[in-house]
Each structure stands twice: as structure tokens, then as C-alpha cells.
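Please have the sequence and the structure open as you read.

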Amino acid sequence: MASVKEYIRERFFPHIWCPGCGHGTVLKSLITAVDQLGLSKNDIVMVSGIGCSSRIAGYVDFHTLHTLHGRALAFATGVKLSKPQLRVMVPMGDGDALAIGGNHFIHAARRNIAMTAIVMNNRIYGMTGGQFSPLSGYGKAATTAPYGNIDHDFDVVQLAKAAGASFVARTTTYHAPQMVEILKQAFTHKGFAVVEILTQCPTYFGRKNKMGEAPDMLEWFKENTTPIGSQAKQKNPSLIERGVFVAEEKAEYCTEYEKVVERAMKGRE
Ligand SMILES: Cc1ncc(C[n+]2csc(CCOP(=O)(O)OP(=O)(O)O)c2C)c(N)n1
Ligand code: SF4
Ligand SMILES: [Mg+2]
């Protein structure tokens with residue numbers, strides 16, 4: 001592998017993430033996936049919103065846009081439609097993608113526009129101090145739910161599937177090699193690809209929910225997830241499945257849009 005330094009902007013280091021934050025593992029795996037695929041940095045646009053997770057766009061030496069909380073997919077849609085030949089990656093926090101950005105998420109999936117939506121799911125608003133998110137889960141503690149959260153959570157995989165995403169996968173920061181393989185598939189997929197990555201926020205979700213330190217949270221991912229369709233899942237349905245749930249060919253939005261333009265131009269002849 002080429003040096004990680006070839007892919008990062010050293011001038012923005014040290015990074016802002018807390019010790020033990022899972023977002024750094026996502027950065028490393030993402031760079032590894034890009035390197036293994038031999039992608040050119042010049043062909044990649046990373047678009048992010050706001051959040052600890054969204055800071056990842058500042059650290060990579062691609063074309064990058066650091067935009068508004070919840071609006072990364074809207075900006076990314078504009079970029080992709082104007083330059084469809086570029087590869088667009090959209091890392092988002094769980095709040096960014098599914099609270100304020102939930103509407104953009106389902107419609108980008110429905111359109112099947114070719115880009116990779118990476119949901120860095122730490123089940124909390126990390127950047128703003130540990131408020132609960134739509135992925136925190138019933139009964140979990142947060143700074144805004146000191147007596148227990150009464151909101152039920154989304155299943156990102158089921159939501160993405162139902163909304164029409166043509167590639168849907170889930171992994172965790174404990175399973176970094178699997179994360180690299182899944183990201184490689186997602187980056188080369190011709191359609192809207194959703195990769196949910198369960199990641200740890202020891203500072204807020206971990207502390208509020210008495211999950212211990214970062215290694216304990218990684219251990220939790222190890223013990224509480226299982227490959228799709230495993231025997232362990234049959235024995236223990238509460239296990240969270242990891243792997244690729246959907247990988248299908250489906251008309252892609254930019255390609256279809258070009259055809260509309262062609263039809264319209266013919267009509268004017
Ligand atoms: C329009 C708008 N609303 C709210 C905020 C405040 N805000 C910034 S980041 C954030 C949530 C971050 O949580 P998440 O997206 O899960 O990312 P994390 O920090 O956990 O990685 C919020 C509410 C904002 N910047 N802009
Ligand atoms: S607050 Fe949480 S998500 Fe944000 S950098 Fe710290 S550990 Fe990571
Ligand atoms: Mg979060």
C-alpha cells in the first residue's frame with residue numbers, strides 16, 4: 001500500500017477526534033479501500049455535512065466540500081449531476097444522515113444516484129455534546145435523555161433497502177478488514193450505495209450508557225454482530241447482521257438524465 005500520507009492533508013492534523021473514537025478507523029479503512037482500488041485522488045469528490053464524522057472530509061486529499069448539517073447528499077447530488085464521471089463519497093453521522101438529513105437520504109436512495117453514502121453510526125450526536133439521535137435506540141441514555149430515550153430507532157439497512165438503494169451493507173469498526181472490502185464494493189457500484197458502519201463514541205454514547213472504554217465498545221461490536229445468515233443469528237435473533245444485504249443493477253439517475261437530455265435535443269431537431 002502507498003503511504004497513508006499520500007491521501008491525507010497533514011496540515012489539518014492532529015485531528016479533532018477524541019482518543020478511541022471510531023471515526024479514525026473509518027478514515028484508515030476508506031484510504032485503504034481507495035488505495036487498493038487504485039483510484040485517482042483527482043477523480044474523487046468527498047462531500048460532508050457537519051459533525052465529528054463529517055470532519056473526515058477535511059482530512060483526505062481529494063476534492064472535498066464541507067457543507068451544512070444534514071445537506072451533504074443534496075450538495076453531492078448537484079456535484080454528481082454536473083460531473084457524473086467523478087466518484088462521489090458522502091460520509092455522514094447518524095444524526096446528519098437520518099435526523100435532519102433523513103429526507104435527503106430516502107430520496108437519494110429512491111433515485112439511485114451513483115454515490116457512496118457512508119453512515120458512521122455511533123448512535124449519538126457526538127459533536128454537539130451527546131444528544132440522542134434517531135439511531136440511539138429505545139431505553140438508551142443521552143444528555144437529552146437522562147431517564148432513558150423513549151424514541152424507537154431506525155434500522156438503516158431496512159430503511160435503505162425500502163427506499164430503493166441498490167447496494168446496502170453494514171459493518172463495524174471492529175471488523176476493519178471487512179469494512180475495506182465492503183467500501184471497495186460500494187465505491188465501484190453503479191448506483192446509490194449505503195454502507196452503515198457501527199462506530200464507537202466513547203465520550204458520549206459509551207460513557208452515558210456505561211459501555212466502558214473504546215476497547216470495550218469494540219468488544220461489544222464483536223460479540224453482538226454476526227455475518228448475514230449465520231447459525232448464530234438463528235440461535236440468537238438479537239444479533240446484528242453484518243455484510244452485503246443488497247447489490248443489484250438498477251437504472252442509475254445520471255445515466256437516465258443524460259438520456260432525457262438526448263431525447264429532448266432530438267425533439268428540437
Ligand atoms: C442546521 C444545523 N442544525 C444543527 C446543527 C448542530 N449540529 C452540528 S453537528 C450535529 C449532530 C452531529 O451528530 P452526528 O451527525 O451523528 O455526527 P457525530 O458528531 O456523532 O459524528 C448537530 C445537531 C448544525 N450545525 N446545523
Ligand atoms: S465526541 Fe464522540 S464522535 Fe465526537 S470525536 Fe469524540 S468520541 Fe468521536
Ligand atoms: Mg453520531
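Setting aside residues up to four places away in sequence, Phe192 touches Ala108, Ala109, Asn112, Ile113, Ala114, Met115, Ala117, Ala165 and Ser166; two residues are in contact if their C-beta atoms, placed from the backbone, lie within 7 Å. A residue is buried if 20 or more other C-beta atoms lie within 10 Å of its own, exposed if 12 or fewer, and partly exposed in between, with C-beta atoms placed from the backbone.

A word on the source: this is a predicted model, in which local features need pLDDT of at least 70 and side-chain atom pairs count only at pLDDT 80 or more, while totals for chains, interfaces and linings use all residues. Residues are numbered from 1 along each chain as its sequence is written, and chains are lettered from A and ligands numbered from 1 in the order in which they are written.

**The chain as a whole**

The protein chain has eleven helices and eight strands; helices (H or I, at least four residues) and strands (E, at least two) are DSSP runs, numbered from the N terminus. Its radius of gyration is 18 Å, which agrees with the value near 18 Å for a compact globule of 269 residues. That radius is taken over C-alpha atoms, and the globule rule is 2.2 Å times the number of residues to the power 0.38. Along the principal axes, the C-alpha atoms of the protein chain fill a box of roughly 70 × 45 × 35 Å. Buried residues make up 45% of the 269. Among contacts between residues at least 6 apart in sequence, 66% join residues at least 24 apart.

Val195 sits in strand 6 (residues 192-198), and Ile228 sits in the loop between strand 7 (225-227) and helix 10 (231-235). Val195 is buried, with 28 other C-beta atoms within 10 Å, whereas Ile228 counts as partly exposed, with 13 C-beta neighbours inside 10 Å. Not counting residues up to four places away in sequence, Val195 touches Thr116, Ile118, Ala169, Ile182, Leu183 and Ala186. With the same exclusion of residues up to four places away, Ile228 touches Glu241, Arg242, Gly243 and Phe245.

**A helix pair**

Helix 3 (residues 72-82) and helix 5 pack at an angle of about 35 degrees, their axes 8 Å apart. Leu73, Ala74 and Thr77 of helix 3 meet His104, Phe105 and Ala108 of helix 5 in this contact. By class, the residues of the contact are four nonpolar, two polar and no charged. Axes are lines fitted to C-alpha atoms, for helices over the stretch in contact, and angles run from 0 to 180 degrees between N-to-C directions.

**Backbone details**

Most residues other than glycine have a negative phi, and most peptide bonds are trans. Here are some exceptions.

| Site | Backbone value |
|---|---|
| Asn112 | phi about 60 degrees |
| Arg123 | phi near 65 degrees |
| Phe13 and Pro14 | cis peptide bond, omega about 5 degrees |

Asn112 lies in the loop between helix 5 (102-111) and strand 4 (115-121), and it is buried, with 24 other C-beta atoms within 10 Å. Arg123 is in the loop between strand 4 and helix 6 (156-163); with 25 C-beta neighbours inside 10 Å, Arg123 counts as buried. Pro14 belongs to the segment before helix 1 (23-37).

**Around the ligands**

A residue is near a molecule or strand if its C-beta atom, placed from the backbone, lies within 6 Å of it. Of the 18 residues around ligand 1, Gly51, Ser53, Gly93, Gly95 and Gly126 come nearest. Helix 4 (residues 94-98) supplies the largest share of that shell, three residues. The shell around ligand 1 has seven nonpolar, nine polar and two charged residues, where Ala, Val, Leu, Ile, Met, Phe, Trp, Tyr, Cys and Pro count as nonpolar, Asp, Glu, Lys and Arg as charged, and the others, Gly among them, as polar.

Which residues surround ligand 2? They are Trp17, Cys18, Cys21, His23, Cys52, Asn122, Gly126, Met127, Cys201, Pro202, Thr203 and Tyr204. Helix 8 (residues 202-208) gives the most to this shell, with three residues. By class, the shell around ligand 2 has eight nonpolar, four polar and no charged residues.
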